[in-house]
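Please consult the sequence and the structure shown below while reading.

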Amino acid sequence: MGKDRLPPLRTLLFFEAAGRLLSFSAAARELACTQSAVSHQIGWLEADLGTALFRRLHRGVALTPDGVRLYEATRDALDGIGDAVTRIRDRRRPGGLHLCRFCCKA
């Protein structure tokens with residue numbers, strides 16, 4: 001898969017937080033940035049995809065059908081990356097499993 005098929009990963013991280021929390025303000029607190037920064041990242045992602053991902057409500061936001069589709073894919077992808085990172089880190093900890101490529105005969 002070429003990376004040109006993907007929007008900037010930063011926008012996907014902001015989108016995942018906003019979609020999970022259904023709030024740009026809450027996503028901003030989690031990401032240690034401003035609500036305006038989250039709004040801009042989401043705006044860039046929506047412009048890149050050519051579709052609205054959120055409906056802006058009086059209090060918070062709601063995902064559109066396209067937003068739900070992208071949120072589920074983004075969440076699953078980030079969960080998979082997190083799982084792989086955990087397995088790699090666990091293997092490298094003292095007392096973790098280490099496999100040897102070569103077998104020796106006694």
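A residue is called buried when its relative accessible area is under 20%, exposed when that area is over 50%, and partly exposed in between. The model discussed here is predicted.

**Helix α1 and its surroundings**

Helix α1 covers residues 9-21, a run of 13 residues. From its first C-alpha to its last it reaches 18 Å, which is close to the 18 Å expected at 1.5 Å a residue. Its buried residues are Thr11, Leu12, Phe14, Phe15, Glu16, Ala17, Ala18 and Gly19. The elements that cover these buried residues include the helices α2 (24-31), α3 (35-49) and α4 (65-92), together with the strands β1 (54-56) and β2 (61-63).

In general, an α-helix has 3.6 residues a turn, so residues three or four places apart point the same way.

Just after α1, Leu22 takes a positive phi of about 50°. Leu22 belongs to the loop between α1 and α2. Ala32, in the loop between α2 and α3, also has a positive phi, near 55°, although Ala32 is a residue other than glycine.

**Aromatic rings**

How many aromatic pairs does a search of the whole structure find? The search finds two. In one of them, the rings of Phe24 and Phe54 have their centres 5.3 Å apart and their planes at 90°, so this pair is edge-to-face. The pair links distant parts of the chain, since Phe24 lies in helix α2 and Phe54 in strand β1, 30 residues apart.

Are the two partners buried or exposed? Phe24 counts as buried because its relative accessibility is 7%. Phe54 is likewise buried, with a relative accessible area of 2%.

Ring pairs also join Phe15 with Phe24 and Phe54 in a cluster. Phe15 is one of the buried residues of α1, and both α2 and β1 are among the elements that cover the buried residues of that helix.

Technical notes. Residues numbered from 1 in each chain as written. Predicted model: local features only at pLDDT ≥ 70, side-chain atom pairs only at ≥ 80, totals over all residues. Heavy atoms only, no water. Helix = DSSP H or I, 4+ residues; strand = E, 2+ residues; numbered from the N terminus. Expected span 1.5 Å × (residues − 1). Buried < 20%, exposed > 50% of the residue type's maximum accessible area, 1.4 Å probe, protein only. Contact = heavy atoms within 4.5 Å. Phe/Tyr/Trp six-rings, centres within 6.5 Å; stacked < 30°, edge-to-face > 60°.
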